[in-house]
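Good morning, colleagues. Please turn to the structure on the screen, which I shall discuss element by element.

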Amino acid sequence: MLCCSAAVYALDPKKQISQYGYSVWSRQRGLPANSVNVVIQSRDGYLWFGTTAGLLRFDGVRFEAIGTDTADSKNREVITALCETRDGSLWIGTSFAGIRHLKDGKLLPCGPREGFPAMAIRSLFESRTGRLWIGTSDGLFEYSDGQYLSIPIDPPYILSITEDSTGIIFIGTGNGVRCFDEARPNLVHEVINKEGLPGNLMNSDYARQLIRIICKDHQGNIWIGTDNELVRWINGKIIIERMSAIPGPTHITALCEDRHGNLWVGTTQGVFRIAEGRWTNFRASDGLLGDNINWIFEDREGSIWVCTLEGICRFSDVNMTTYTTQEGLANNYQTSVLESSDGSMIFLSAADGGSISKLKNGTFTSVTHAPPIGPSFKARDGSIWTSQSGSLCQIKNDRIIRYDTTTGLPWRWISAITEDSISLIVYLDRIGIQRFINGRLNPYLMADGRPYSKSDFTSCLYHDLAGTLWLGTSEGLVNIQNGKSTSFNKSDGMADSWISVIIEDHQGSLWIGSPRGGLTHYHNGKFTAYTTRMGLFTNEIYSILVDDAGDVWLSSPRGIGRIHRQQVEEFDAGKINHIASQVFTTADGMRTDECFAGWQPAAWKAHDGRLWFATTKGTVMIDPKTFKRNDVPPPVYIEQFIADLQSIRLDRHETLPPGCEKLEFHYTALSYLVPERVFFKYILEGFDREWVDAGTRRVAYYTNLPPGHYTFRVIACNNDGVWNESGSGVAFELAPHFYQTFWFLGLVILLIAGTGYVIYWLRVLQLLKREKELEQRIHERTRQLEVANQELEAFSYSVSHDLRAPLRSIDGFSVALLEDYLDKLDDQGKDFLRRVRAASQHMEHLIDDIINLSRVMRSAMQRTEVDLSTLAQSIANELRSVQPERNVTFIIAPDLTVQADRNLMVVALENLLENAWKFTSKHPAGKIEVGALMREGQKVFFVRDDGDGFDMAFAGKLFGAFQRMHSIADFKGTGIGLATVRRIIHRHGGQVWAEAEKEKGATFYFTIH
């Protein structure tokens, strides 16, 4: 079976079969029968499987059983052959009941009545002229123009059919190959032993030549599979292709040439492939479901499907290449990966006592007598260092030099290694960072000559290009530059304080990973955190690499992720607040989602730009330069429309009966590479206002829709997020009940209108009566308010005249005593008099503020255009004249105008500016700013100072009367000023609030409406 459609993906012939993406389907994954005989892909994109449990249609997620027996739809016939002809018909061969014909979803009769006997079908093939050739266990038939014609072939046991580039039909029989010109089918040529076709080696006395499969390649050659050899027919000559030597005969059962020209061969001993002249194979011992192969097929996305007696296997192209013991690794549990000076890749494993594998020119070798493996490092001289508890080993030119307790190392875990221009630098548990010079540990000295003293557990060390040493510890990040250290942690903007990996990109930025808290980018002195809340695929970061394009790659226990450089730049600049990180898992070629997390380097960027990641099941290689993207949008289909459990036709506009309550729409999209990453959106036009994100769900439900015209539409994207925007749709109408029709609605409206008219006039009469009652109440309350205002005015007069007089007397007599009898009073008496005078003056100020507050509430407002800038400048000049010795800078924005009561705004600004003047008094130089800004489309005025400020925890009582944020000893005042400001602003329909920080000043904001 050959396929020549263009594809986005195709299997890379340079990879071994075991390195492709590999998926299987058996009974455990929803396959109704394990034994699968044949598969094809129809023009609409569906895959069709012929099995021992009937015909199955597959969309990548679900197998749907399709009935083939016209007499009994529940009968599941054994399907042995499939062929789609150019008119869109699907021809189906059964093992015992003859042929079936499926067209436009309908099963058409084609049995004995139509001229075709019930017999075992072995092969179906449509030639270039449109004739259908049918191979059976009892002869060859041709179907053309609605007629079946028997073609005499001896022997009549037909197993396979194909056609070469000249129109010659080749027939595989129970004894050799037969071929003839399609225009002259009676002139049959035999290809048997005497032409060089190998016989059946199972029985040397009977040279039977059972031909199970024949196919044509893109060069026009005919490939013939016999019971023991693979044969190529070229211009009438037979060439035997010797496959890899395996014990016993090789029964060839399936052939398929992929789009790269590689030949896939199915046998009774697994799958073989010849690529670039080299044979490789994949068998049950390698993970194949079974060694008995029935069919091989390449789909339009370049994947190879293998049908076996035990189920379905699929090999797909993937962007990640995994190296395991099958390819030559010494151990699958990989812990570190580095690149040697000669370009070889070095793979280290701490499992099973430790091992080191070396990959050069596609060949693996192992280092004998590998040392204990742990955190590792590649030095400038090309040597590789690896450590363990009490052990530090240097590997150079395949020579291993060991340093351990016998040479003076303490029995301590060495968790990180790096180097600077002086020496190797290591971290030892509970000891700290040390220099390793000439096989000895020495203290790491700071600028003052003392050793670096902190011993926080250090997971990684990194010496950047600028000469700075970075320590990733359990308590945060440490920077040691010019012998001085600086510490950073989560409070400085990092994603987390536990650091496991640090790397530097080509822009000089640092990328810092946490095994629990996410990713941090350190650029231009600023930390930017990336976590799952911002779109990162996981917070558990094990290793970090930055490719040549600047994209960031991350390993984790959930796969390998990527963030595009553009996303990084836009997120760091604040243009976006969410990133779209990608994650790659076993569906992309990894053998496990879990990468290694114990120490560094758990990943490596090679000099050729390829990225290598250590996992618990091999090492994964990614080449970003050749990273493939599936740009083909998937075909989208609505498969079922169900209304109240009844299936609705999709090929015409249907009107559903009134009262239809439950609607179901079953849909799919045909992308087989990674079907679990096919996402859907749908909308019911006429009901939904926007598209519904359905994720991977392939059914939509609606209940109790109102009558009307609707169109259900669905779109989908493939595994790389490429959307089929046209999608698929189905239109329908939901008929109304009689009480939902327009005439019934009009009648109800008239009835309601008449009833409403009567109720309206009854309500009008009731409101008129209520209005009179309210007028009486308003008159009474107005009179009471006038009395209260008169009493308030009397109280104000009393406070103004009756209380001020005695206070002034107290103050006056106090002054007289201080002036006339000062020499007769001792120090305590003088202090008492000064306190009496201060208290009386404070009381007089308080009375003035109370009267002002009362006037603010009672005075009539008259709005005019008020120039706040001029008012503020006038008040500032007055404050300077009172205290000319003060060094205060006023910044007053020009043209601050507002429609307000001028007198009230003078009072408000005086209180705010005097407040700012007062609270900057303890600073040698102060700054007071008056301005405006826009917030949420509204103009907001502000008065800002850099004075004493206040604690925002007490901001709730800031504008209350007699509330103070500071003691009178620190700043004088009555606590009435801000309360007055609030009442003035509220009378103007605005709001007032404040923001401050202790010792850093305060800002008062207000609005005017």
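Which residue of E56 is the bridge partner of Ala614? The partner is Thr619. Before I place this pair, two remarks on the basis of the analysis. This is a predicted model, in which local features need pLDDT of at least 70 and side-chain atom pairs count only at pLDDT 80 or more, while totals for chains, interfaces and linings use all residues. Residues are numbered from 1 along each chain as its sequence is written, and side-chain values use heavy atoms, with hydrogens and water left out.

Helices (H or I, at least four residues) and strands (E, at least two) are DSSP runs, numbered from the N terminus. Two strands pair if DSSP finds at least two bridges between them.

Let me return to Ala614 and Thr619, which are bridge partners. Strand E55, residues 611-615, and strand E56, residues 618-622, run antiparallel and are joined by five bridges. They belong to an open sheet of four strands, ordered E29-E56-E55-E54, with antiparallel pairing. Strand E29 (320-323) and strand E54 (603-605) each have a single partner strand, so one side of each is left without a neighbour in the sheet. From one strand to the next, the twist averages 20 degrees. In the loop between strand E53 (582-584) and E54 lies Pro601, and a cis peptide bond joins Gln600 to Pro601, with omega about 0 degrees.

I turn now to a second sheet. Here five strands form an open sheet in the order E67-E69-E70-E72-E71, and the pairing is mixed. Strand E67 (888-892) and strand E71 (992-996) stand at the edges with a single partner strand each, so one side of each is left without a neighbour in the sheet. Within this sheet, strand E69 (residues 926-935) and strand E70 (residues 938-945) run antiparallel and are joined by eight bridges. Leu933, for instance, has Val940 in E70 as its bridge partner.

What lies across E67, E69, E70 and strand E72 (1002-1006)? The answer is helix H4, residues 868-882, running at about 170 degrees to E67. Contact here means heavy atoms within 4.5 Å. Axes are lines fitted to C-alpha atoms, for helices over the stretch in contact, and angles run from 0 to 180 degrees between N-to-C directions.

H4 also meets helix H5 (residues 902-919): their axes come within 10 Å and cross at roughly 45 degrees. The two helices are therefore oblique to each other; angles under 35 degrees count as roughly parallel, over 145 as roughly antiparallel, 65 to 115 as roughly perpendicular and the rest as oblique. Among the residues making the contact are Leu871, Ile875 and Leu879 of H4, and Met905, Leu909 and Trp917 of H5. The contact residues divide into 10 nonpolar, no polar and four charged, where Ala, Val, Leu, Ile, Met, Phe, Trp, Tyr, Cys and Pro count as nonpolar, Asp, Glu, Lys and Arg as charged, and the others, Gly among them, as polar.

Finally, some local features. The structure holds 43 salt bridges, each a side-chain nitrogen of Lys or Arg within 4 Å of a carboxyl oxygen of Asp or Glu. One of them pairs Arg86 with Glu126, the closest N and O atoms being 3.1 Å apart. Asn482 has a positive phi of about 55 degrees although it is not a glycine.
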